[in-house]
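Subject: The structure you asked about

Hi,

Please have a look at it, and then read my notes below.

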Amino acid sequence: GGHAGRLMTEALAMVGDRPCVLEAQSHLVGFYARYGFTVGGPEYVEDGIPHTPMRRAADGKRVA
């Protein structure tokens, strides 16, 4: 991957086995899903940009 993938890999290495949440710009949901994040709530608009809450389980596995 490119720079974004390397940044995500490093950030998740720092998170370790803890759960992690983020507020993704909705067009990036697929990107974050590749790192084990799943949608955690309804889409909303902030500053005119659609966002989707996402979360990742403590063990890095996808959360249903």
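What radius of gyration would a compact globule with 64 residues have, and what does the protein chain have? A compact globule would come out near 11 Å and the protein chain has 12 Å, so the two agree. The radius here is taken over C-alpha atoms, and the globule rule is 2.2 Å times the number of residues to the power 0.38.

Before the details, a word on the source. This is a predicted model, in which local features need pLDDT of at least 70 and side-chain atom pairs count only at pLDDT 80 or more, while totals for chains, interfaces and linings use all residues. Residues are numbered from 1 along each chain as its sequence is written, and side-chain values use heavy atoms, with hydrogens and water left out.

**The whole chain**

The protein chain has two helices and four strands, in the order α-β-α-β-β-β from the N terminus. Both kinds of element are DSSP runs numbered from the N terminus: helices are H or I with at least four residues, strands are E with at least two. The C-alpha trace spans about 30 × 25 × 15 Å along its principal axes.

Of the 64 residues, 34% count as buried (buried is under 20% relative accessible area, exposed over 50%, partly exposed in between, with a 1.4 Å probe and protein chains only). The chain exposes about 4,300 Å², and carbon and sulfur atoms supply 58% of that area, as computed by the Shrake-Rupley method with a 1.4 Å probe.

Contact means heavy atoms within 4.5 Å. Among contacts between residues at least 6 apart in sequence, 53% join residues at least 24 apart.

Methionine 54 is found in strand 4 and is buried, with a relative accessible area of 3%. Beyond its neighbours within four places in sequence, methionine 54 is in contact with a list of residues including Cys20, Val21, Leu22, Tyr32 and Phe37. Valine 21 is 33 residues away from methionine 54 along the chain, yet their C-alpha atoms are separated by 5.7 Å.

Arginine 55 also lies in strand 4. Arginine 55 is partly exposed, at 36% relative accessible area. Its C-alpha atom is separated by 14 Å from that of methionine 8, 47 residues apart along the chain.

Aspartate 47 sits in the loop between strand 3 (44-46) and strand 4 (49-56). Its phi is near 55°, a positive value in a residue other than glycine. Most residues other than glycine have a negative phi. With 73% relative accessibility, aspartate 47 counts as exposed.

**The aromatic rings**

How many aromatic pairs does a search of the whole structure find? The search finds three. Rings of Phe, Tyr and Trp (its six-membered ring) pair if their centres lie within 6.5 Å; planes under 30 degrees apart count as stacked, over 60 as edge-to-face and the rest as tilted. One of the pairs, phenylalanine 31 with tyrosine 32, is edge-to-face, at 5.2 Å centre to centre and 75° between the planes. Phenylalanine 31 also pairs with tyrosine 35, and that pair is tilted: 5.3 Å centre to centre, 55° between the planes. Ring pairs link Phe31, Tyr32, Tyr35 and Phe37 into a cluster. Phenylalanine 31 is buried, with a relative accessible area of 17%, and tyrosine 32 is buried with a value of 17%.

Best wishes
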